[in-house]
Each structure stands twice: as structure tokens, then as C-alpha cells.
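Open the structure in your viewer and keep the selection panel at hand. The stops below say what to select next and what is there.

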2 protein chains.
Amino acid sequence: MKTRAAVCYEPNTPLKVEEVELDEPKVNEVLIRITATGVCHTDLHFMKGEAPVGMPVVVGHEGAGIVEKVGPGVTTVQVGDHVVMMVSFSCGQCRFCAEGQPTMCTVGFSVMATATLPFCMEKRLHVGDQYMHHLFGLATFAEYAVVHERSCVKIREDAPLDVVCLLGCGLSTGMGASINVAGVKPGESIVIWGVGGVGLAAVMGARLAGAGKIIAVDKNPKKLALASKVGADCKVNASKGDPVSKVMELTGGGADYSIESAGKAETIQQAFSSIRSGGKCIVVGMAPIGSMVNIPSYEFLLGKTITGTIQGGIRHQLDIPRYVDMYMDGKIPLDKVISNRYHSLNEANEAFRALEAGEVIRSIIELR
Amino acid sequence: MKTRAAVCYEPNTPLKVEEVELDEPKVNEVLIRITATGVCHTDLHFMKGEAPVGMPVVVGHEGAGIVEKVGPGVTTVQVGDHVVMMVSFSCGQCRFCAEGQPTMCTVGFSVMATATLPFCMEKRLHVGDQYMHHLFGLATFAEYAVVHERSCVKIREDAPLDVVCLLGCGLSTGMGASINVAGVKPGESIVIWGVGGVGLAAVMGARLAGAGKIIAVDKNPKKLALASKVGADCKVNASKGDPVSKVMELTGGGADYSIESAGKAETIQQAFSSIRSGGKCIVVGMAPIGSMVNIPSYEFLLGKTITGTIQGGIRHQLDIPRYVDMYMDGKIPLDKVISNRYHSLNEANEAFRALEAGEVIRSIIELR
């Protein structure tokens, strides 16, 4: 079939929005009509060549939509199901999946690295003979996508797809970082470095978990204002003075947890410096490949921990429907992170430009 | 009273073994006749000025002995009790003690930083009017010591004090790093970077916990040979080729856990590189203050964790008697780490020289 898609042919060139061919779903694959896709900063790393990916590639990894067709052997979704597509693929069989850490899935890493469909490592997108990579095995900047059935999670039909699409990556990452990886307990303190979509979701997760003090750090006053609206107790403008000292003052010697969601080596260092002895720093942001994090060795003598995570350590099938329920129940204001909406794939380049320029918190593109 | 002690008057000068005055134990303090003290690499950092400490200071922090006198209010030990002295002090009341992390005790950090007795911050050692610091609130390179009652743990009387003294720091640190901090489970893999006293104890702890593969890394063939004797499955000589690559080969892509017990920033980096995605690296060694650990940011995208620990996260009153029991039952060959014995404080400088030169695994000084 034909579908329109946003294609990156070379790093640092504009996306080309064009009609491409999409092959039929094969074994365990499904065809999804995408109704909304998030515009996530992570794609920019690939589009700018800061992280390697095969080209050409159809970008986008925060999609939601409706199942239109299922290939042979599909058991987890049916035609008509509403689904959110997952940035991290889990095979359900490797050691990580077996241990309850599906975002660390071995097959998932290979899907990320090859930008092909899981297991078969094939591509279903092409223009004539030129096949195109599926970013994260998804390629959501398109009207239709063929993905592995385990790349999507079925959700309730009354949830707005143009909000919960962001649970495919950014919002679940932030929620999971606070709830699953930090494991914030009532009364504890947490500082979130960078309150874009991921950081704001981390604030929501910490609020939900009963955190005693939630501190948001950012250079952007608009993002800080929004952080307060979704549950942060204190704001620190990182462009005024030393933010680490301010966090130290606010917490009386360091927070119990810090989350780095700015994606910079420097911020990772600050996030680690801002926790107390015995505290835990969680790196969620994707810093440019090749950047180094420099940590004074004595900080380890303080019993401090720094850990990385993929998509907030969520268990896709378990946590995504829960997050959707909590949003629908008014417990987490997921929609508040959406500052801009676009209505056509033609606006893909503008959407990324505005995101990189810091003009938007999070944006989505509605399709059709 | 008078006692002989080994005093460091200035960094990088020989210890002066001399007769000093020791004041009576005050409230909650005890007088201990020290029968054996370990010679631990950590003292060298202070003696060489690599870590700050007030001077003059009586060194030594791995002591064992017999309680000779108790001050007012002492309830946990009695005259005649056999005790091991603890490098980390725990007050029993701060947030860390309350959380079951007594080696992170707030008062303990102050004792370490000030090298005075806990709470009162006083010194009991002096020559005339010149008072001397107690390293770690202990000062075990002496025939007698006055310490806070919580600086020692009562143990069974049939245990040889000239072995279990090493549980005051090195051996409990290694055991605890494997058992408490890594939490090695049966069948898992662990790589120990640096198999001096701490690393060898980490090997023993991992063996006890049922580790599937224990890899010892060191440049010293004697230490590697001993690691095999106490339970290591594989040896990697770090002076031949790239040890990280060898660990990767032996584990098929990285160990579940790594322990850094060499006390060098470079080894911390290697230890972190040698774990698998989602693995955990535990820093136990004390690298020179001021040294930096440089970590590629992408390693956090692999879900890896690096954490520091004080004395292996042991709970003094709980774990030390257990470790003594297990040694007495033949389950952990603690005595195997002792390669050299000295019989007088006069040999203190020689003991440290031989330790630094790598001529000994671990040594102890027997007193009287």
C-alpha cells in the first residue's frame, strides 16, 4: 500500500515528506493507522548524526493509532484495537524480559541499533527498490506503519490517542524513572534536571508516589512554570547562579534522588552532585554519543549511586494501561505537557525546529 | 596511663613509635587492650597526605582486643569482652542508622573527617600538652586505645583476635560488598578488580553466596594465585593485554557485578566497563582524593549502575559476629589473606613499606 511518511535521507538535511510504499504485515506483525505521533528530542540525535542510524530512515517513535490488519500468528491485538507504540521493544524471552526488565531487552537493543523490524531485521518501507529503515522498529512519522505486535500495547478506547501517544516514549520514561527506577517513597525528596516532556512526567510520577519535596531545574522559565502546575514544589532556574548549590540549600545537603532528563553530560554531573550521601541519580536523558561524564572519585566514598535506564524501566504491558487509567482518572495531567499541535506531516520539519529551539514543551502531530 | 603508639607527625615522614599518654575513658567510652592490628592500605592515604587528616595522628583502624575498663553509661560491652574495632562509626540514631545503613552514619562521617572521638570530638591521646588525633576515632597502632563503645563489636572468645581484627575494615568491606551491596545470587557472575585483602574477602563473599563465576583481576600473580585458593574461578593478569576484553570474553559480554577494590580511578573505569548492560559496579576502593572517574555517557543508556559503599554496607552488630561464626565454622578462610605477621609496633614503618611495595597480601601486627 501507499502511505505518506517523513524520511531522513542524510543527517542534517530536512526530512522529506513523501509517498512511500509499505509492505503487508508478515508473521507477528500488524498494520497500524497512526492517528497521532509525538515529536521527541531523541529523534534529533539521529537526524543530526549524533547517534548512528541507517539511512534513509522514517523517523518518529511516539505513535498511537488503530490496528487495521494483523499478520499471521498475531495474538495480542486485533483489528480495531487502539494501541500505543513503544520506543523499546521487548521480546518476552531474553534474560532481561525474564527478570522483569523488558526495556533492557536484548532484541530491543538490536532493533534500536539496526532500525529494522524485530527478529527478521527486515524493512517494510520503500520507494521502488530503495528500502528505508524504521526508527526504533516503528517509523511513526507516517500515516501507516507495520510493526511487530509486541511493539504496541493495547489501551482502552476512550483514551485520546493524541495525548497518550506520548506514553510511547517521553511520558512513560519520566513516570517510570520516578516510580520504577528511583522508587520514590512518601516524604522523600527528588530533583528533576530538565523539565521537558520526560522531566515533567517524572514530576508527575514523583507527585503520585507522595514525594515530600520535588525540585524542578531548567533554564526555561516556561517549562519551570509548567513544572509547578504539574506538581513541583520548588523551581530552580539553572541560568541564574549555581543550580547545584541551590538544590543543596533547598534539601539541606542533597536530594534523596535526582533524575537527569536534559540529555547532557554536564547536567548528568550536576544531577549526581545534587544528591545526598547514599542518594541515587537516574540518567534518563540521552547525551550525545561520545560525551564523557566526569565524576570525582570521592563521591563514591559517600555511598552515592548513578544508574542509567531505558524508558524508565517500565513493563510495557503492565504500566502503559495503568498510566492511561490514571490519566483518565485525572490523577496525572499528561495532556498539560502538550504545548503545540500540528495537523499534518508537512509540518514535521517545523515541529523539530521549534522543539530544538526550545519554543515548545512537547508537541504532537495529528494525522488525518 | 602510658601506652606505646605509632604517631604520624607530618605527611610523608616515618611513623614515630613512642610512649604517649592515654586519658581515662569518659561517658560511653571503653579502654581496650589491643592484641592485634591490621596494616591497611587506607592509612597510607592519610600518611601520604592524599587524604586530609589532622596531625599528629595515631594511625591504625583494624584493631581487636579485650575490654579493660568501661566508662560511665557503657551498656554494650563489659570488662573482659573480646571485641573487634570498627573503621566506620554508627551512632544508631541518624537517618542512615535508622534505615539499616549504619556505615553511612552522619556522625561516622564526622569521626572520619575529624579523627576525634564521636560526639564529644575530643582526643584522649597526648604527649604533655600536645593532643593527638585518633584515626577513624580508633588509633589501633597502640597497645591501648580509648574508643566509643559503639566503635567496637563484641565477638565470641574462642575466635583468634589476630585474624578477626581484619574484620574491622578490609575483610568485612569485601564480604559486605559481595553479599550486601552487590547481593550476588546463586549462578551470577562477578569480577573483582584488585585482590588484596578487600578483594579476596569479596571473592569469599561471592563464593559463599553461590556465585556462578568469580573472576579475579590483578597485576600481582601471588594475589591471583591466592584468589584461586579462596574461591575465584578465573584469573586475569591485568599487566598482560586488556583486562576488560578478557573479562568480556570470560563472561560473554560483561559480568553481572564488578567490585573495584584497587582504589584507583582508572580501575573504577575498567570495573564499570566490565559489567553487562544492566549490571552493577561497586566501588569499595578509596581512590586518591581529587582523582576523576571518566565514564562515557552512553554506558548509562545500557542501564548500568555504579555505586559507592562504605565498609561494604555491613550492619556492624549483625554482620561481624556472623562473619566470625562463619570463619570459625570453616566457611570463609579469612586467615588465608594474612601473608605476613609482625610482632612489635617498632615494625610499623616496615609493615607499611612492604604493603605499599606489594610484597604482602595483608599483614597484621601482634601486640605484646
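Select B:Lys26 and B:Glu122 and show their side chains: they meet in a salt bridge, with 3.8 Å from N to O. The term stands for a side-chain nitrogen of Lys or Arg within 4 Å of a carboxyl oxygen of Asp or Glu. This pair links distant parts of the chain, 96 residues apart. B:Lys26 sits in the loop between β2 (16-22) and β3 (29-39) of chain B, and B:Glu122 in the loop between α3 (106-114) and β7 (125-127) of chain B. Helices (H or I, at least four residues) and strands (E, at least two) are DSSP runs, numbered from the N terminus. Over all chains, the structure holds 50 salt bridges.

Before going on, note that this is a predicted model, in which local features need pLDDT of at least 70 and side-chain atom pairs count only at pLDDT 80 or more, while totals for chains, interfaces and linings use all residues. Residues are numbered from 1 along each chain as its sequence is written, chains are lettered from A and ligands numbered from 1 in the order in which they are written, and side-chain values use heavy atoms, with hydrogens and water left out.

**The barrel**

Stay in chain B and select β1, β2, β7, β8 and β4. In that order, these five strands close into a barrel with mixed pairing. Two strands count as paired if DSSP finds at least two bridges between them. Strands of a sheet pair through backbone hydrogen bonds, either parallel or antiparallel. Look at β1 (residues 2-8) and β4 (residues 57-58) of chain B, which pair in the antiparallel sense over two bridges. Here B:Val7 stands opposite B:Val58.

Now go to chain A and select β1 (residues 2-8) with β2 (residues 16-22). Six bridges join these antiparallel strands of chain A, and A:Thr3 stands opposite A:Val20 in β2(A). A:Glu21 is the residue opposite A:His126 in β7(A).

**Backbone details**

Which peptide bond of chain B is cis? Select B:Met55 and B:Pro56: the bond from the former to the latter is cis, with omega near -10 degrees. B:Pro56 lies in the loop between α1 (41-47) and β4 of chain B. In chain A, the bond from A:Met55 to A:Pro56 is also cis, with omega near -10 degrees.

Next, select A:Met121. Its phi is near 55 degrees, a positive value in a residue other than glycine. A:Met121 belongs to the loop between α3 (106-114) and β7 (125-127) of chain A.

**Where the chains meet**

Show both chains together. In contact (heavy atoms within 4.5 Å) are 35 residues of chain B and 35 residues of chain A. Chain B and chain A bury about 2,700 Å² between them, 61% of it on carbon and sulfur atoms. Buried area is the accessible area (1.4 Å probe) that two parts lose on being put together, summed over both.

For a salt bridge between the chains, select B:Arg95 and A:Asp256, whose side chains meet at 3.2 Å, N to O.

Color β16(B) next: with five residues, this strand gives the largest share of the side of chain B that touches chain A. Then select β16 (residues 292-296) of chain A, which runs antiparallel to β16(B) and is joined to it by five bridges. A:Met292 stands opposite B:Pro296 in β16(B).

**The axis**

How can chain B be laid on chain A? A turn of 180 degrees and a shift of 0.0 Å along the axis do this with an RMSD of 0.0 Å, the copies being superposed by least squares on the C-alpha atoms of residues with pLDDT of at least 70 in both. The two copies are thus related as by a two-fold rotation axis. To find the axis, select B:Asn294: in chain B, its C-alpha is the nearest, 2.3 Å away. Of the interface residues of chain B, 100% are also interface residues in chain A, so the copies meet through the same surface.
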